[in-house]
Amino acid sequence: MRLINCVTVYILILFNFMSYLHQQIEKKWQKIWEKNRSHKTRDAFKKKKFYCLDMFPYPSGEGLHVGHMRGYSYSDAIARKKKMEGYNVLHPMGWDAFGLPAENFALKHKVHPAESAKKNIDNIKKQLQSAGYMYDWDREINSSSPEYYKWTQWLFLELYKKGLAYRKEAPINFCPSCKASLADEEVVEGKCERCGTLTTKKNLKQWFFKITKYADQLIDDLENLDWPEKVKIMQRNWIGRSYGTEFFMQVLHGEKGAMKPEKIDKFTCQWIGIDLNEELVKIKVWTTRVDTVFGMTYVVLAPEHPLIPYLTTEKYKEDVEKYIEKTRNVSEVERMSQEKEKTGVFTGSYAINPLNGIKVPIWIADYVLLEYGTGAIMAVPAHDERDFAFAEKYGLEIIEVIKSEDGKSSIENGAFKEDGILIGSGEFDQLSSEVAREKITQWLENQGFGYGIKKYKLRDWLISRQRYWGTPIPIIYCNQCGEIPAPEESLPITLPENIQNFNPTLDGKSPLANINEFVETKCPHCGGYAERETDTISQWVCSSWYFTRYVDPKNSKEIFNKKKINHWLPVDLYIGGVEHAILHLLYARFFTKVMLDLKLIEFSEPFIHLFNQGMVYYKGKKMSKSKGNVVNPDEFFEKYGADSMRIYSLFMGPAEQDVEWNDQGVIGVYRFLQKVWKIVEKYQSTTNLPIDNAKTMEQLKQSKELERLIQQTIKKVSEDIDNFKFNTVISTLMILLNEMEKQPHKLQASDDMMSESRLERRDTSYKLFLKLLAPIAPHICEELWHQLHPEISEKESIFDQPWPKYDPDLIIEEKFELVIQINGKMRCKIEVEKNISEIEAKELILKNEKIKKWIPDEKQIKKIIFVPGRLINIVL
């Protein structure tokens, strides 16, 4: 009976050894890793750290597709390699669960967002665990949990105290479909970036963060970041810093002449920068090309400019009102488009150019934006494309005041936009544009008409939403005391969960406004009746600081421990899509700078190195559930295993480029892993045979070449992982595996223990191979490592092993291809020893049959030129 049991066990071991049972192996090691808490990160402050982070996902879908897995596979491979290199690795994961994506999903499926978010989180978490990613789930965060959004509210109050959070009525982007206000960054080509609906403009009282205060820092500090240049350019362009001149122009109201400020309301006077005690009304304009001021032939105001009602004469009033109404719903993107036909209307009033005293008409046109510059421009059609098109359409004068240095420029067919030499510009004639800008600005300053100034395209960040599923804004309104921040001890102000109707409304109010139990409260100052703010905070705020919470996620007394935050941050490697370049990434940088000023942290940038992975396409289109081309990873986990999925995700193409998914690729990778598995059996079955010296020498030669290839592979794989060249990492490992397969598995016996030393080298080479593959295919490598080390316990892991280091002396090739030339023309190449001498090279090539065809008689040779390590040239 015992013999039968032993035979049975032997057969089972042999069967397992011969068969790559991926499901069994992967589930086994995932359970062991979880039981041993192998991925838990401890705060070892004396150990070198590596904080590796993925952008946390929205739980707004029922699960991940293979496109999502690509980025996670990159970060996991790097995190595992860093762990083997001796770093204390922090690799956490959480959920961006609040906001429009999650709420829209819930509305579509007619469930409560808390319910759908939990269900989706559970499914996505299961997928990530099935993939074997080494996330520290003890640090898991959820932006929709009160334990998290308590600190989102706390940060809001800190910004409020510093004057960085404020409320005002403003024309904002509004999505009719989402029924919510949108930040400028959330509008793409005039459409809601979430649902694609054309946005409109709506005047609402909204909450803003004063991100503009940090505009210079946000631009200047980009220089210190190891980020893709295209992301830096996108942020620079979005912030849009430019240097120009701001100056005032006196207004003439129709035929009545100068206007008095006393006839204009106080707000408008403040907005345009004039004092009520001044004698005359002036328009403030801003330009980057004050060198062209003598070519100004009209002034343009944005349709929203507050002076328009005062400037418009009775004759043009109806036309102006119709035009303003028509432009109300045109997006800023459309208005700024170069292709859009220029439209406008005359006000009936005029302005005086302070440089030459000439009267020019004041027009209204939607290609000027109120929020950029001053909402008013000097129009110089000869030197600006938009002004030129407008002037031609409405028959306005075009005056050339800049010529190219060679004098050949022309405005016959369009504006001359470049710098040049001034003409027709009074005392500034013949100056270069650069010098003239400085001189004219100085003249305006001396006369008290203007000054040089920096301007930005960046606008303050709109953060309030008229939606239910978000962090409640911690502000209270009291009729007696006014606008009051909620006391810190009252946080978190929790979101009511038992709400039946959370549909967005058409009246511009949040669904929370209809819940009396939430709205009605006591004033913390006077104790009287008060009401809560019913708008919620944009999900972009929740994701602007989440990376700091991972270092101390269970802390209920403070947002994070200072020692922990300053040890772990900034993030060493951040991986995510380029689509977040001017949303999340800009906001996270802003929040980091604010937290630095609040003395919460000691660093000024959140992410040292940023990597944007390419998108995954299927059937020629970006993977999307709406397009019906999503590939679910679960079926591939089942058929081919997580390791196959991970490797193929990395092998599809260069990491930063978009790639096309191909099911057959997973099958090919699966075959590669089967070869990895089977080669163990080959290396484990060693049989001593009688000595055959010829074979032994050949085997020694092969062993030496393999050793060199291994050292070269260690070098390339190490460098390529660090440089995100994962496709070449895998191809390099495939080449090594193929060479290892060619090695003889039955060794020759030898009295001098040659075979024993070769067995040791061969054993080491396979272990090195497993270490190199382990970050990419952790399950199979963990299993094979333990098969090769039956003496170790399950608590010991291949990832506790040191990362291989190559020997520089062993990577050098002992042979090279010597180029053979005859009279300077290459005739062939031959493989020779690296240190071949000139005499040896001459003897070798003269015996070569190919060369003999070209040199029938050696007496024809006049000279032989030998370049060591490169070529030999025979001169006839």
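Visitor: Of the contacts with a separation of 6 or more, what share comes from residues 24 or more positions apart?
Guide: That share is 74% in this chain. Keep in mind that we're looking at a predicted model.

Visitor: Fine. How many helices and strands are there?
Guide: The chain has 28 helices plus 36 strands.

Visitor: And what percentage of the residues is buried?
Guide: Of the 876 residues, 54% are buried. As for the surface, the chain exposes about 41,100 Å², and carbon and sulfur atoms supply 50% of that area.

Visitor: Let's talk holes. How many cavities of 30 Å³ or more turn up in the whole structure?
Guide: The search finds 3.

Visitor: Which residues line the largest cavity?
Guide: The lining is W33, S38, H39, R80, K83, M134, E782, S797 and F799. Those residues split into 3 nonpolar, 3 polar and 3 charged.

Visitor: OK, and what lines the second largest cavity?
Guide: You'll find G99, L100, E103, R465, R467, W469, G470, T536, I537, S538 and Q539 around that second cavity. By class, the lining comes out as 3 nonpolar, 5 polar and 3 charged residues.

Visitor: You mentioned β6. What is the strand order in its sheet?
Guide: β6 belongs to an open sheet of 4 strands, ordered β6-β5-β9-β20 with antiparallel pairing. β6 and β20 (461-462) are the edge strands with a single partner each, so one side of each has no neighbour in the sheet.

Visitor: How many bridges join β9 to β20?
Guide: There are 2, with β9 (residues 200-209) running antiparallel to β20. In one of the pairs, F208 has L462 of β20 as its bridge partner.

Visitor: Switching to the other end of the chain: why is β33 described as largely enclosed?
Guide: Because 6 of the 8 residues in β33 (residues 815-822) are buried, the strand is largely enclosed by the rest of the structure.

Visitor: Which strands does β33 pair with?
Guide: One partner is β34 (residues 825-833), antiparallel over 8 bridges. Another is β36 (residues 871-875), parallel over 4 bridges.

Visitor: Last one. How many residues sit between β33 and β34 in the hairpin?
Guide: There are 2 residues between them. N823, in that turn, has a positive phi of about 55°.

Definitions and conventions: Residues are numbered from 1 along each chain as its sequence is written. This is a predicted model: local features need pLDDT of at least 70, side-chain atom pairs count only at pLDDT 80 or more; totals for chains, interfaces and linings use all residues. Side-chain values use heavy atoms; hydrogens and water are left out. On a 1 Å grid over the protein atoms alone, a cavity is a set of points where a 1.4 Å probe fits but cannot get out, and a pocket is an open set with protein on both sides within 12 Å along at least five of seven lines; lining residues have an atom within 4 Å of a point. Grid points are joined across faces, edges and corners, and a volume is the space filled by probe spheres set on the points. Ala, Val, Leu, Ile, Met, Phe, Trp, Tyr, Cys and Pro count as nonpolar, Asp, Glu, Lys and Arg as charged, and the others, Gly among them, as polar. Buried means under 20% relative accessible area, exposed over 50%, partly exposed in between (1.4 Å probe, protein chains only). Two strands pair if DSSP finds at least two bridges between them. Contact means heavy atoms within 4.5 Å. Accessible areas come from the Shrake-Rupley method with a 1.4 Å probe; for residues, only the protein chains shown count as cover.
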